[in-house]
Structures are given as structure tokens and as C-alpha cells.
Amino acid sequence: MNADDKTPRRPRKTLSKDAVSKATSELNNLLQIISGTSAEISNLWEDHEDSEQYLDMLRSSIDRAEAVAAQLTEQSGRTDRKVLMHPELASFVRPPTITQLPRPKQSVLVVDDEPMALVLIKRLLTEAGFQVVTAQSGFEGLDIFRKQPHAFQLILLDLTMPFMDGEETFQRLREIRDDIPVVLCTGFITPDRLERMMNAGVAGFLRKPLAPDEIVEHVRAVLASLKYSQNQIDNIAG
């Protein structure tokens, strides 16, 4: 076969930045599910013969996948922040030397279009002592919240959802109750969008994938800061 008979190569398609962002978000969402499932399996298989060998293999694979996801997200212009609390709340974080009072059970609304993520986060927060209600879309979350706007102390909100994304859902939630604390939990967000949402009043930010204890710790930290800041305001007013 001579050179003239060769089939010309098709030009390689270049993915748009938006396509890379969506793929990155989906990859991080999947890693969050895999990581959470791995933690549950680890609890179930604890002390089982040979289980640690396979769990180590799974954890190693998750670490490698997270490294790839980190490189991909860096190239696509995401924020380099992993966990973030609104500055006004961060200033009210109590020193660790202060003895914490027993916490009453608090209600959290979790809004995410990924069913497996909802199952894992609900179990995680329920085991941590929270009362958890889930919604699989922004529309469902708004419907639940509109019926009982003061029943929830915090909303954990995904950003990338079909039909109504997390930013629009956040705006509509604040129209119903303007002081509801909302923590954004997403696999991808650009720095300018994160800054815009933090300026609009988002209480905190979590970038997937996260270890289960990181999610619980951040939710507790935001709620504790809100309670402490309100106590400070009440003391000043009194």
C-alpha cells in the first residue's frame, strides 16, 4: 500500500472548557460515591480475613483517581479551595479549648441529583446525630423547604444539577427564608463563581471528593459558628 492509499486521519476533537468542567464534576461526584462506599465496606469487613489487602487496593486506586481528577480540574480552571467557610462565620469559630455543650438533634436538607450520593450522605449525617431529609433536584428541595422553611438548620446543596442548578436553587431558597445557612457541595466550581456565591451569602463550600469525616466536621463547624455568632449578637443586644 502506498502513501496515496492511506486513509487520511481524522482531526482530533478538542473538548470545550464547559465539557471538561462537566466531566470533571462528574468524575469527582463518582469518586465521592466510591470513597464513601469504600468507608462503609471497611466498617462492614473490619477484622475479616484478607479484607485489609483488598481494601488497601481500593484505597490506593481511589488515591490515584483523585490525583488524576486534581490534575484535570486544575487544567479546567476550578477553584483550588477544598473546604471554605464564609468569612463572617469563620470569625465566630469557637476556640477548641472551650467545652462544647451537648448538641440537640439538628435537621439538614440535602439536595443532590445523584441518588447514591444522597444515600451515603444521609447515612453519614444520620449516624453523626443529625436528622436528614433528602431531595433529588432543586425543584424537590424547594418544595420541601417551602412547606417547612424553619424546620431545617442547614442545607447541603449540590451545584451541578439538571434543569435548575445549585446557584438558582440557592437564590430561590433565600427568597423563601433569607437567613437559611447553605453549604455548597460540588465536584467542580470556578473561582469567580465561588466568590460570587460566597458574596451572595453561601455559608460554606465543600469540594468533592471528601472523606466522610470532613463532611461531618464542616457541617458541625458551620452550625456551631452560627450558634456562637447568634449568642454573641444576643449578648451585645442584652
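Student: What share of the protein chain's 238 residues counts as buried, and what makes a residue buried here?

Tutor: It's 39% of the 238 residues. Buried means under 20% relative accessible area, exposed means over 50%, and partly exposed is in between (1.4 Å probe, protein chains only). Keep in mind that this is a predicted model, where local features need pLDDT of at least 70, side-chain atom pairs count only at pLDDT 80 or more, and totals for chains, interfaces and linings use all residues. Residues are numbered from 1 along each chain as its sequence is written, and side-chain values use heavy atoms, with hydrogens and water left out.

Student: How many helices and strands does the protein chain have, and what makes a run count as one?

Tutor: There are 8 helices and 6 strands. Helices (H or I, at least four residues) and strands (E, at least two) are DSSP runs, numbered from the N terminus. Along the sequence they read α-α-β-α-β-α-β-α-β-α-β-α-β-α.

Student: Which residues of helix H5 are buried, and why are they said to line one face?

Tutor: In H5 (residues 138–147) they are Gly-138, Gly-141, Leu-142 and Phe-145. Looking down the H5 axis, these buried residues fall within an arc of 100 degrees (taken from the directions from the helix axis to the C-beta atoms), so they line one face.

Student: What do those buried residues of H5 pack against?

Tutor: Strands E2 (107–111), E3 (131–135) and E4 (154–157), plus helix H6 (166–176). Contact here means heavy atoms within 4.5 Å.

Student: Why are Phe-145 and Phe-152 called a tilted pair?

Tutor: Their ring centres are 6.4 Å apart, which is within the cut-off, and their planes sit at 35 degrees, so the pair is tilted.

Student: How do you know whether Phe-145 and Phe-152 are buried or exposed?

Tutor: Phe-145 has a relative accessible area of 0%, so it is buried. Phe-152 is at 4%, so it is buried too.

Student: What about Ser-225: buried or exposed?

Tutor: Ser-225 is in helix H8 (residues 212–237). Its relative accessibility is 1%, so Ser-225 counts as buried.

Student: Which residues does Ala-128 touch, leaving aside neighbours within four places in sequence?

Tutor: Val-216 and Arg-220. Ala-128 is in the loop between helix H4 (115–127) and E3. Ala-128 and Arg-220 are 92 residues apart in sequence but 9.6 Å apart in space, C-alpha to C-alpha.

How values were computed: Rings of Phe, Tyr and Trp (its six-membered ring) pair if their centres lie within 6.5 Å; planes under 30 degrees apart count as stacked, over 60 as edge-to-face and the rest as tilted.
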